[in-house]
Every structure is written in structure tokens, then in C-alpha cells.
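Student: I have this one open on my screen and would like to walk through it with you. Can we start with how the strands are paired?

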Amino acid sequence: MAQIFIDTQNIDNLSKAMKKFPDIAAKSIPAAINRTLSTANTRMQKEITIKYKIKKSDLSGGSKYKSEKSNNLIRVKKATAKDAQGRIDVRGSTLTLGRFLQGNRSPISHKGKTMTQIKRIRFPKVQVKRGSTKQVGGSFVAVAKNATGLFARDENGKLRMLHTLSVAQMAGNKEVLETTQQSAMEDLEKRIEHELDYRLNKLAGDANGRS
């Protein structure tokens, strides 16, 4: 599982506001965190699709691969007045390597072919990370349980579907995590300032209205 936390401890304008206007600052925190979480989630998914050969629509598992459950979920835990902590949780099992096939995605029949012709058939290529295409030796494309995937046989000759990274592992990539976290902290400072200004201006307007 990968997690991205939103931390308000080092926000200077918030600590100053907590001393002068504790009630207003306390109300500003959850709103600022939750807006930041939304943009951070979008940024994280964008970073994943930049680094890995996966579509944004497939980050939740994908319905077209029937052999997989849609359990690679990205969940946002929002901050509340009682719990001013927000985070993004990314969970899920590994994805099938067949998702990342390059070139021919259909099974190649050996029927009617000589052994020489069969040996000349090239192993499938995959691209998990963008710009890095690799040939998977000993593998072949096949259909099992109504799903097309990349398979190989183990030392006992048993057929097994090949898997690769999970979405959680992609989100936990150092570059993806650092970029998302840095972006979130920069956005949080702006959001808190906006929320504080909004509430202070509203307070001033209400005070003027009563005078």
C-alpha cells in the first residue's frame, strides 16, 4: 500500500493564525486539506501515467480484463473537524503483464507449423515503464478464463499468468511520490491562505454589518 499524507505542521501562516484566531484557523484546516487532497490525487494519477504505460481509466483495475478484480483502488480519506488529517491510500494486487503487451496481442497458433517455424516465433514484448520495452523470454499470449494474458510454464509445466507491478507500487515509486508530495505541500499553503482570508474577510464583513 502507498500513502500520501497532508501535513500542516510546517505551514507558517497557519501557526500564526492559530495564535491570533484559533477558531477560524481550526475551521480552515479541514477545508484546505480536502481541496488539496483532490488536486494531489489528480496529480498523482497523472504522474503514474507519465511514468508507466497505463491509462488513467485503468488505475482502478479496469473492467476489460475479466480475470482481475477492480481492487487497485485509490481512496481519499478526508479531514474533518474532529480529525484534521487527510491522506490518499492506494491499495491493490499486482496487474497482469498482459496489460502492457506491445505489438501483437492475439495468441499465435502453432497448428500446422514445423518445429523450426515455431522456434522462430518471437517472444512477446511488454512496456510497463514508458520508453522501456522488454522481451519476456519463455512467455506466450493465450486466452484463459475469457481473458487474454501473458503466460509461461513453471518448472513443473504448469501454466501461470504473469503479473507485474500493482498500482500501489506505481504510486509508491520514489519520483511519483516525491513529486506528488511536494506539489501537495505547495498547494496546501495556498489553500490555507485562501481559507483564512475568506473566513477573516467574512468575519470582518459580519462585524461591519453589526456596527
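Tutor: A word on terms comes before the pairing: two strands count as paired if DSSP finds at least two bridges between them. Please also keep in mind that this is a predicted model.

Student: Which way does strand 8 run relative to strand 9?

Tutor: Strand 8 and strand 9 are antiparallel, with five bridges joining them, and within this pairing Ala142 has Gly149 of strand 9 as its bridge partner.

Student: Is strand 9 mostly covered or open?

Tutor: Strand 9, which spans residues 147–153, is mostly covered, since five of its seven residues are buried.

Student: Changing topic: how much space is in the largest pocket?

Tutor: The largest pocket holds about 430 Å³ of space. Its lining is made up of 18 residues, and those closest to the pocket centre are Ile121, Arg122, Phe123, Pro124 and Ser139. Helix 3 (115–120) and strand 8 (140–144) are the elements that give two or more residues to this lining.

Student: What is the lining like by class?

Tutor: Counted by class, the lining of the largest pocket comprises eight nonpolar, seven polar and three charged residues.

Student: Now over to Ala2: where is it, and what does it touch?

Tutor: Ala2 belongs to strand 1, residues 2–6, and, leaving aside residues up to four places away in sequence, Ala2 touches Ile88, Asp89, Val90, Ala168, Ala171 and Gly172. Leu177 is 175 residues from Ala2 in sequence, yet the two C-alpha atoms are 8.7 Å apart in space.

Student: Why does Ala2 count as buried?

Tutor: Ala2 counts as buried because its relative accessibility is 7%, and the cut-off for buried is under 20%.

Student: And Thr164, buried or exposed?

Tutor: Thr164 is buried, because its relative accessible area is 18%, which falls under the 20% cut-off. Thr164 lies in strand 11, residues 163–166, and its contacts, again leaving aside residues up to four places away in sequence, are Thr94, Leu95, Thr96, Leu97, Phe100, Val128 and Gln169.

Notes. Residues are numbered from 1 along each chain as its sequence is written. This is a predicted model: local features need pLDDT of at least 70, side-chain atom pairs count only at pLDDT 80 or more; totals for chains, interfaces and linings use all residues. Side-chain values use heavy atoms; hydrogens and water are left out. Helices (H or I, at least four residues) and strands (E, at least two) are DSSP runs, numbered from the N terminus. Buried means under 20% relative accessible area, exposed over 50%, partly exposed in between (1.4 Å probe, protein chains only). Contact means heavy atoms within 4.5 Å. On a 1 Å grid over the protein atoms alone, a cavity is a set of points where a 1.4 Å probe fits but cannot get out, and a pocket is an open set with protein on both sides within 12 Å along at least five of seven lines; lining residues have an atom within 4 Å of a point. Grid points are joined across faces, edges and corners, and a volume is the space filled by probe spheres set on the points. Ala, Val, Leu, Ile, Met, Phe, Trp, Tyr, Cys and Pro count as nonpolar, Asp, Glu, Lys and Arg as charged, and the others, Gly among them, as polar.
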